[in-house]
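Please read it alongside the sequence and the coordinates.

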Amino acid sequence: MAAYVLISFMLVSDVMGREFAGPLLRLLGFDVGATGIYGSQKIALYAMIVGSFLGLGIATATGAHLLPRIAFGWVPASWGPKVDRLADAVTGTILCTVAWYAWVFVESSREAGTVMATFEAPVWPIQAVIPLGFLSAALRYFIFALWPATRPRPPEFQE
Amino acid sequence: MTALLLVALVHTFWGAGRLEYVVEDMWVALDKDVILAIPMFVLCGGVMTKGATARRLIDIAAAATQHLPGGLAVACVMSCGIFAAISGSSIVTMLAVGSVMLPALMNNGYPGRFSLGLVMAGGTLGIVIPPSVPLIIYGLVTETSITDLFIAGIGPGILLLTVFAGYSMWVNRHLPTKPFSMAQLLQALRRGVWALMMPVILLGGIYTGWFSATEAAAVGLLYALLVEIFIHREMRLPEFGSVMLEAAKLGGTFFPLLAAAMSLNLVLTEHRVPEAMVQWAQQYIHSPLAFMLIVNALLLAVGCLVTTGEAILILAPLLAPLAVAYGYDPVAFGVIMIVNLEIGFLTPPVGLNLMVAMSAFKQKFGDLVVAAVPWILLMLACLALVSWQPWIAMYLVGGGA
């Protein structure tokens with residue numbers, strides 16, 4: 001949630017500074033230079049990426065993740081609980097695999113010294129949220145598989 | 001998960017076989033500033049929904065239309081249209097306006113089936129009239145200007161509003177009307193003018209080029225907070241926390257999916273799949289009209305089975321190059337695609353507005369499906385018109401199609 005507060009703050013401050021405060025101060029005769037916030041969109045974007053991948057865990061925990069509905073009802077209802085546990089275990093394993101490959105990507109980015117487009121700072125600490133997010137979601141699925149009572153009810157509706 | 005597996009399979013069999021490239025593509029896909037518009041518009045719509053905006057907009061629309069035949073139904077259509085220009089979401093629009101208007105319509109003698117259909121169909125305007133989250137997704141996956149898409153959404157939005165309002169007047173032409181009261185309208189305007197200014201600021205800022213879509217969303221959020229907390233005083237700052245939490249959940253569900261889908265698009269583009277599809281299609285489909293008919297039939301079928309977001313993520317990158325090859329502007333095609341998928345909100349088995357209405361308005365699914373039929377036909381007519389005459393979308397963008 002903090003990430004979304006930061007996104008809102010950075011974008012709103014940048015636009016207000018550039019479009020309102022700057023022109024107003026110049027109108028009043030002040031030489032204020034640039035009044036937007038340098039790199040604000042990039043900071044907000046990185047905050048969103050961090051928020052999204054950490055939010056993957058929240059979405060999993062609250063059952064808010066998106067589910068394609070096409071195959072709903074193909075499995076007899078009586079098999080439901082067992083199939084759910086199996087699906088959770090398989091999903092957890094797949095997410096662990098994705099987390100591993102995400103970590104390989106982050107490692108290669110760190111070794112290559114990739115930097116952020118605007119700030120010349122290493123980008124890998126931001127990229128590291130990708131494996132962390134998938135790993136966090138994987139752990140939750142393993143917990144659902146082991147203790148099905150902790151599994152959240154899927155939402156009635158998704159948009 | 002399904003999207004990730006699909007991308008991994010494509011990378012394994014057709015790509016370089018190194019699965020870390022999937023994650024790299026996901027990073028490249030998300031590292032785009034324009035993506036920020038999505039959480040901003042979600043936050044903006046969330047704030048306006050928590051507050052008193054919908055009720056005040058409805059009061060203005062009701063005061064302006066009560067002298068017309070079927071005036072309250074027309075007010076419902078107008079309220080949905082104005083709220084759609086704030087929220088960018090179909091379900092939010094339907095619930096915000098429908099929860100107030102449906103009881104009012106029933107109490108004033110409007111037929112129940114008509115009223116349910118009206119509220120459900122009015123809600124779908126949320127994804128056509130800008131700002132629209134599905135239009136942003138289309139712009140992202142096809143690299144089309146989101147500003148142009150927003151402007152192009154205005155024409156079809158007005159067309160749908162006009163058709164819905166005209167149908168509402170015709171169906172309810174025998175119901176009694178109330179005399180027009182300028183005093184009542186002015187009073188409603190005084191109470192609701194701040195809410196009414198929201199779409200003017202959002203769309204005006206984008207249309208005049210003062211703001212980008214992302215900046216307009218940020219300004220809209222600040223404006224919505226100021227209006228709801230300090231002017232309407234029907235929302236407290238701590239309540240913004242729950243709006244933020246909803247946005248964070250959406251981020252956690254949607255953005256990894258968006259990244260996976262865009263990663264898939266990068267692989268498909270690298271292997272020139274869209275070009276191959278264009279060549280294949282042009283062997284069998286020779287006229288743009290036939291292409292448009294087939295695509296619309298496909299999208300209508302897909303819209304019955306999957307949600308709008310999924311349909312756009314999967315199909316837009318494949319269909320948009322085809323549309324361009326047949327002479328359609330990608331902006332016009334995007335709007336046609338959204339108008340088409342809008343109908344999917346009202347079609348079983350996964351019509352989201354049907355399912356939400358079933359729960360929110362305590363109605364049987366079958367009754368809701370029947371109630372939606374005339375509105376689906378009206379929307380199909382509008383879709384046909386926009387597909388046949390794309391200038392309806394493109395006129396304000398400044399080009400034909």
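This is a predicted model: local features need pLDDT of at least 70, side-chain atom pairs count only at pLDDT 80 or more; totals for chains, interfaces and linings use all residues.

## Extent and make-up of the interface

Chain B and chain A bury about 4,600 Å² between them, with 78% of it on carbon and sulfur atoms. On the side of chain B that touches chain A, the elements giving two or more residues include helix H1 (2-13), helix H6 (90-107) and helix H12 (239-270) of chain B. H12(B) supplies the largest share of that side, 13 residues. Sorted by class, the side of chain B that touches chain A holds 36 nonpolar, ten polar and eight charged residues. In terms of contact, 54 residues of chain B meet 50 residues of chain A.

## Aromatic pairs

Over all chains, the rule counts twelve aromatic pairs. B:Phe41 and B:Phe150 form an edge-to-face pair, because their ring centres are 5.8 Å apart and their planes stand at 65°. B:Phe41 belongs to helix H3 of chain B and B:Phe150 to helix H9 (residues 146-171) of chain B, so this pair links distant parts of the chain, 109 residues apart. Both B:Phe41 and B:Phe150 are buried.

The pair of B:Phe291 and B:Phe333 is tilted, because the ring centres lie 6.5 Å apart with the planes at 35°. Both B:Phe291 and B:Phe333 are buried. Elsewhere, ring pairs join B:Phe114, B:Phe164, B:Tyr167 and B:Trp375 into a cluster.

Terms used. Residues are numbered from 1 along each chain as its sequence is written. Chains are lettered from A and ligands numbered from 1 in the order in which they are written. Side-chain values use heavy atoms; hydrogens and water are left out. Contact means heavy atoms within 4.5 Å. Buried area is the accessible area (1.4 Å probe) that two parts lose on being put together, summed over both. Helices (H or I, at least four residues) and strands (E, at least two) are DSSP runs, numbered from the N terminus. Ala, Val, Leu, Ile, Met, Phe, Trp, Tyr, Cys and Pro count as nonpolar, Asp, Glu, Lys and Arg as charged, and the others, Gly among them, as polar. Rings of Phe, Tyr and Trp (its six-membered ring) pair if their centres lie within 6.5 Å; planes under 30 degrees apart count as stacked, over 60 as edge-to-face and the rest as tilted. Buried means under 20% relative accessible area, exposed over 50%, partly exposed in between (1.4 Å probe, protein chains only).
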